Amino acid sequence: MVSIVLEVTCSLVAWLSLYACFCYWNKRRSYEWSCRLVTLVHGVIVTCLSGYVALLDGPWPLTHAGSPNTSLQIHVLSLTLGYFIFDLGWCLYFQTEGDLMLFHHMLSICGMIMVLGLGKSATEVNAVVFVSEITNPLLQTRWFLREMGCYHTFLGEVVDFFFVFLFLVLRIGGGALIMCAMVTSPDPSWLLKAGGLAMYIVSLGFMVEICHFARRKMLKKYRSWTSLRSMNAPVKTNGHLTAH
């Protein structure tokens, strides 16, 4: 247990150091710019690591929920836990996030601490980390595109599409499968099951926000298309068609 605490502490120090470096290298940018760079780096690294653990290294989370933690799972969760502690502290200090995101961070931290302390259930928690973090690089890319004035481009459209698609398919669809496996298995702690259900409810809250965003964007595009079509349509004058 001492080694895990040391590993999480090293992870926290590493993310803080990376943030300090980004702040130094981007003095003309905001603190949020540097924090989101850290989030982007974490998202890419942890998505790859947790994806490898869940899909290749094993054990399979849908059939082995509650199984003992492997050394690789411990390393991945320790790395992620250090980041979440850093990010929660940053969000609380700068007061940039709403209650839903803060609740999500606190649930994540408590869940990872519990799993690392119990020595089991890292299999399904690692899978949750994978389906949750896979959309994070896209989310940060959206923010950077908007800051650089490049959001309303074809690249922005592609990023938005894959963000919504992966969120619905993996975080909502895949997350539901993981939650079912966790709840129906007798091995995971009942407290972890409750936390998992709470985390999934938070994801549903994010989904509602994303669906509202997608609806607004589609309506805006439809109105823009109909307006452009009406401008290009021929107009009747005295029974004859006259081009604009």
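Contact here means heavy atoms within 4.5 Å. Helices (H or I, at least four residues) are DSSP runs, numbered from the N terminus.

## Basis of the model

This is a predicted model, in which local features need pLDDT of at least 70, side-chain atom pairs count only at pLDDT 80 or more, and totals for chains, interfaces and linings use all residues. Residues are numbered from 1 along each chain as its sequence is written, and side-chain values use heavy atoms, with hydrogens and water left out.

## Helices H3 and H4

Helix H3 (residues 71–94) and helix H4 (residues 99–118) have axes that come within 9 Å and cross at roughly 150°. Axes are lines fitted to C-alpha atoms, for helices over the stretch in contact, with angles from 0 to 180 degrees between N-to-C directions. H3 is therefore roughly antiparallel to H4 (the term applies to angles over 145 degrees). The crossing of H3 with H4 is left-handed, a term used if the near helix is turned anticlockwise from the far one by less than a right angle.

On the H3 side, the contact residues are Ile74, Leu77, Ser78, Thr80, Leu81, Phe84, Ile85, Asp87, Leu88, Cys91 and Leu92. They meet Leu102, His104, His105, Met106, Ser108, Ile109, Met112, Ile113, Val115 and Leu116 in H4. By class, the residues of this contact are 15 nonpolar, five polar and one charged. Ala, Val, Leu, Ile, Met, Phe, Trp, Tyr, Cys and Pro count as nonpolar, Asp, Glu, Lys and Arg as charged, and the others, Gly among them, as polar.

## Helices H2 and H6

The axes of helix H2 (residues 31–57) and helix H6 (residues 136–147) come within 8 Å, crossing at roughly 150°. H2 is thus roughly antiparallel to H6, and their crossing is left-handed.

H2 contributes Glu32, Trp33, Arg36, Leu37, Thr39, Leu40, Gly43 and Val44 to the contact. From H6 come Asn136, Pro137, Gln140, Thr141, Trp143, Phe144 and Glu147. The contact of H2 with H6 comprises seven nonpolar, five polar and three charged residues.

## Ser11 in helix H1

Ser11 lies in helix H1 (residues 2–25). With a relative accessible area of 6%, Ser11 is buried (under 20%; exposed is over 50%, partly exposed in between, with a 1.4 Å probe and protein chains only). Leaving aside residues up to four places away in sequence, Ser11 touches Ser78, Leu79, Gly82 and Tyr83.

## Cysteines

Cys48 is exposed, at 51% relative accessibility, while Cys150 is partly exposed at 32%. Counting a disulfide as a pair of cysteine sulfur atoms within 2.5 Å, the model has zero disulfides.

Key. Helices (H or I, at least four residues) and strands (E, at least two) are DSSP runs, numbered from the N terminus. Angles under 35 degrees count as roughly parallel, over 145 as roughly antiparallel, 65 to 115 as roughly perpendicular and the rest as oblique.
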